[in-house]
Amino acid sequence: MNALTPKPWIDAIAPYVPGRATTDDGRKVHKLSSNENPLGTSEQARAAFLAAAATLDRYPDAGAAALRQAIAAKFGIEADRVIHGTGSDELLHLAAGAFAGQGDEVLYVRYGFSVYPIAARRVGAEPIEADDRDYATDVDALLAKVTEKTRVVFIANPNNPTGTYTSREELARIHAALPANCLLVVDQAYTEYLDPEDDDGALDLARTIPNVLVTRTFSKIHGLAAERIGWAYGAPHVIQAMHKIRAPFNVSTAGQAAAVAALGADDFIRASHDHNLKWRTWFADEITKMGNAGLRAIPSKANFILVLFNGKLTAEEAYHGLMERGYIVRWLPNQGLAHGLRITIGSEEEVRGMAWALHDMIGEAD
């Protein structure tokens, strides 16, 4: 008899591996592997979440009307062109599911977010990887990979796991070169960590261009990672297609309420941005001081830094050494980054402790 087997494109998926929360021996230590907000969650969002406990017996609003209206008011966009999801991950999958399939191609840059090839293979499309330029998006290399089969292009900005940034001009050039039947998805999970002058213009493109989708999340600067809330904005026909395959009741009542409140927590958002900028800059400077030992920080505009190890101390040794010293970071050999560690910008204590630990390990390696 024939055995039950998954479709070949499903069998080819390399599952997503989340950042670890415990050490090899089971200890809970400083977790700097998942780019979570070291300042936690705003008081407004926390209070709204707790208040929602009074309606645990009722399904959430399937259309997330209050949340979509709050997003629209915050960003000056139309609520009926906003779709909500379980984090931005679901929305990335919905984009691929609505616009790509067997025989199609989904394009992204090398060292891009690991969900992109999963989203492509899940629907039977072929994931296509474009060469990078020093760990950042190479626009010419990306466009050279566009074919008549390309249906979706994913660009994370800032990029994860490298922290690199694609400018407004480069993003516009990418879109201008794409065919009308190809959807450009700009994944802005870390956009709140940018300074105002670094706005990449993706929302402006999506307002008037029919084949641009912007995705965002409440998991990062808003500190709502546990609730898995994301949103996307695009042309009506794009959003309608995604709604057709969106799971019903996909965002909880408490999550919706917390997200609405989080949008108004301007002081918390500003404090989170400023903390990250201060300690990301400080940590990058410390890595520069270790340059003679082969360490290099890729310039980042996100809430993490990708540190490369090209000396006696290897990334794998540093990964385990940091774990022994009480810090869990992200080692990504499965993404071609066996020589690097992605390190979240944590609290002042954590960032200073990380720098000291790396200095200490360099001394041991010498």
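Two strands pair if DSSP finds at least two bridges between them. Helices (H or I, at least four residues) and strands (E, at least two) are DSSP runs, numbered from the N terminus. The close-ups below come from a predicted model, in which local features need pLDDT of at least 70, side-chain atom pairs count only at pLDDT 80 or more, and totals for chains, interfaces and linings use all residues. Residues are numbered from 1 along each chain as its sequence is written, and side-chain values use heavy atoms, with hydrogens and water left out.

View 1. Let's start with strand E7, residues 150-156. Seven of its seven residues are buried, so the strand is largely enclosed by the rest of the structure; buried means under 20% relative accessible area, with exposed over 50% and partly exposed in between (1.4 Å probe, protein chains only). Strand E3 (residues 105-109) pairs with E7 in the parallel sense over three bridges, and here you can find Leu107 with its bridge partner Val153 in E7. E7 is also joined to strand E8 (residues 183-187) by five bridges, again running parallel. Look for Ala156, whose bridge partner in E8 is Asp187.

**View 2. A right-handed β-α-β unit.** Follow the chain through E7, helix H7 (residues 168-177) and E8, and you trace a right-handed β-α-β unit. Right-handed here means that, with the strands pointing away from the viewer, the path from the first strand over the helix to the second runs clockwise.

**View 3. The seven-stranded sheet.** Step back to see an open sheet of seven strands in the order E2-E10-E9-E8-E7-E3-E4, with mixed pairing. Strand E2 (82-85) and strand E4 (126-130) stand at the edges with a single partner strand each, so one side of each is left without a neighbour in the sheet. From one strand to the next, the twist averages 20°; axes are lines fitted to C-alpha atoms, for helices over the stretch in contact, and angles run from 0 to 180 degrees between N-to-C directions. E2 and strand E10 (residues 230-234) run antiparallel and are joined by four bridges; Gly85 has Gly230 in E10 as its bridge partner. H7 packs on this sheet, touching E7, E8 and E9, and its direction makes about 160° with that of E8. Touching means contact, with heavy atoms within 4.5 Å.

**View 4. Helices H2 and H10 side by side.** Helix H2 (residues 43-51) packs against helix H10 (residues 253-263) at an angle of about 155°, and their axes are 7 Å apart. That makes H2 roughly antiparallel to H10 (angles under 35 degrees count as roughly parallel, over 145 as roughly antiparallel, 65 to 115 as roughly perpendicular and the rest as oblique). Where they pack, Gln44, Ala45, Ala48 and Phe49 in H2 meet Ala254, Ala257, Ala258, Ala261 and Ala262 in H10.

**View 5. The four-stranded sheet.** Here four strands form an open sheet with antiparallel pairing, in the order E11-E12-E15-E14. Strand E11 (295-297) and strand E14 (330-332) are at its edges, each with a single partner strand, so one side of each has no neighbour in the sheet. Strand E12 (residues 304-309) and strand E15 (residues 337-344) run antiparallel and share five bridges, with Leu308 partnered by Gly340 in E15. Helix H11 (residues 266-289) packs on the sheet, touching E11, E12 and E15, and its direction makes about 5° with that of E12. Finally, look for helix H12 (residues 315-324), which lies across E12, E14 and E15 and runs at about 35° to E15.
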